[in-house]
Amino acid sequence: MKSPHAWAVRLAWMAGLLGVVFSAAAQSNDLWGLAQKYAGVHRFSTLFTAQDVRRYLSTEEGLQQAIEWCKQTAVTKVYIESYRDGYTAEKEALIKARDTFRQAGFLVSGCVTPTKIGKLIPGWGNNISCYTDAATQQRAREIYAYAAALFDETMIDDFWFTECTCAECDAARRARVVTIGDQKFPVAGESWADYRSELMLQLSRLYVLEAGRQVNPRATFILKYPQWYDFFHVRGYDVVRQTAAFDRIWVGTETRDYQDKRWGGTVQYEAYFIMRWLGGLGGAKCGGGWYDWLGTTEKTYLEQARLTVLGGARESLLFCYGGLQGSTGPKNIEALRAQIPRLLATAAEVAKRQPIGIAAYKPPGSDPGKERYVYDFVGMLGLPLLPCHEFPTNAAAAFFPVHCLKDEQLVPKLRAFLAAGKPVLITDGLKARLEGQVDWSRGEVQVLEVKGDPKRLLELSREELDKLRVPLLRPFKTRFSAPNKISLHLYRDGSWVICNFNEDFAGVELNGVRHPVGERGWLQLWK
């Protein structure tokens, strides 16, 4: 077995070698060739919105410029959108763009963004529809059938939901009946989550999947889930049944800049957590992650790319071609191009390895209470989480917040887990809710003082975090000391990745070896 010093030397040697390789690749500007080489492991793609089709893809010059941009950015697949914001792209332009990209060697799929369809509801920028309304249902059906007639595969952007509370919706909710055309479906409960989940599921089955296959028997659909996983069920996303119904699923990994005044508030680790959580739920159906330029700097844009890859995505969709031509887009893409060789090489390493860590149990359809997205903040504390949607009976260590109360058998499961003597991290919120039902003294339990505000976890000191990490990392034979806003990713073969989300250089110590991690940087060791 190599000593810690030997591994550190190897790490430095590998970093130097990879730096030479990546520099050479960047200088050769042959990212298109590199992308083809890695396509079986990970590929980059982009989307042309319906408005992009009109603006950029309706002339031969615009098409050729788009093709060249894609090749320079290692993009090997494009999604060409037929509908967005009430606008339907012209059929001739869609066919011309589709065929031209195919002839240039690209994979080509379609896309629909279901915004401004039929009867609209207040809020959400006047974009979201009432899908109880029969005319709105029929218009949605037409939109998806139009796309399916042109493309064998169509992505649905993350607006396929509703929050309508109109009188018609409320009456249907109370009657516990969903009506799609002339068909009626019973609803399990009377909550808005129950009604909307059934509504969007049956609408998906009949007016997306079935409608698409009626015009094109080869038609398949990808459902892109938004990033706000704590509220999927409330807005009609049933991640279990919809994932089973759709051909594939996608993941929103657009964390952006946490400090941005308009787009901020989402910590970077969320991209990793949701990618792994939905990846575990969807299995082979889970294709990739989708992120954008909005509210980003070059550094935060790259963090989205990095965590999408570490999350196990097999594809990274860069939203969107038109948006990336202005604002912070060009600088973001310049930075991304320089990192593409390393990202592709990392994707290949990740694909070969099994991640390990502290099981983070998030039951589908679970309510967060006052601990919204607490998983994301815990991942920023240098605790390697292993997201899961089923109770982690066989896990070596686990994290349980209030979300776990969704599991009706939580108490007996927890008692058995604690009786096994495994280290556990619980939130103060869960502890309070289970007062008198669980004997927390039976196991090695630590209570995380969230106090209804997960953001406060980012203020914990290095000393507080080191104390927290010791028992939780013991089952993985790992010792880790680092400041806050650092993520740790462990693999069964002993490989690891460390990401620094601070604006300052960070000195970390892993298993007795000190490692310097640059500001907004990352460090890897593959064994």
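Reader: How many bridges join strand 20 to strand 23?

Author: This model is predicted. Strand 20 covers residues 496-500. Strand 20 and strand 23 run antiparallel. The number of bridges joining them is four.

Reader: Which residue of strand 23 is the bridge partner of Trp496?

Author: Trp496 belongs to strand 20, residues 496-500. Its bridge partner lies in strand 23. That partner is Leu525.

Reader: Why is one side of strand 12 and of strand 23 left without a neighbour in the sheet?

Author: Four strands form an open, antiparallel sheet in the order 12-19-20-23. Strand 12 (355-356) and strand 23 (522-525) stand at its edges, so each has a single partner strand.

Reader: Which helix packs on the sheet, touching strand 19 and strand 23?

Author: The helix spans residues 329-351. Its direction makes about 40° with that of strand 23. Strand 19, which it also touches, covers 486-491. The helix is helix 12.

Reader: Turn to helix 7. Are its buried residues on the same side or on opposite sides?

Author: Helix 7 covers residues 167-175, and its buried residues are Cys169, Ala172 and Arg173. These cover an arc of only 100° around the axis, so they lie on the same side.

Reader: Which residues are exposed on the other side of helix 7?

Author: The buried residues of helix 7 pack against strand 6 (177-180) and helix 8 (192-215). On the other side, the exposed residues are Ala167 and Ala175.

Reader: What is the phi of Arg176?

Author: Arg176 follows helix 7. Its phi is positive, near 60°.

Key. Residues numbered from 1 in each chain as written. Predicted model: local features only at pLDDT ≥ 70, side-chain atom pairs only at ≥ 80, totals over all residues. Heavy atoms only, no water. Pairing = 2+ DSSP bridges. Helix = DSSP H or I, 4+ residues; strand = E, 2+ residues; numbered from the N terminus. Contact = heavy atoms within 4.5 Å. Axes fitted to C-alpha atoms, helices over the stretch in contact; angles between N-to-C directions. Buried < 20%, exposed > 50% of the residue type's maximum accessible area, 1.4 Å probe, protein only. Arc of directions from axis to C-beta.
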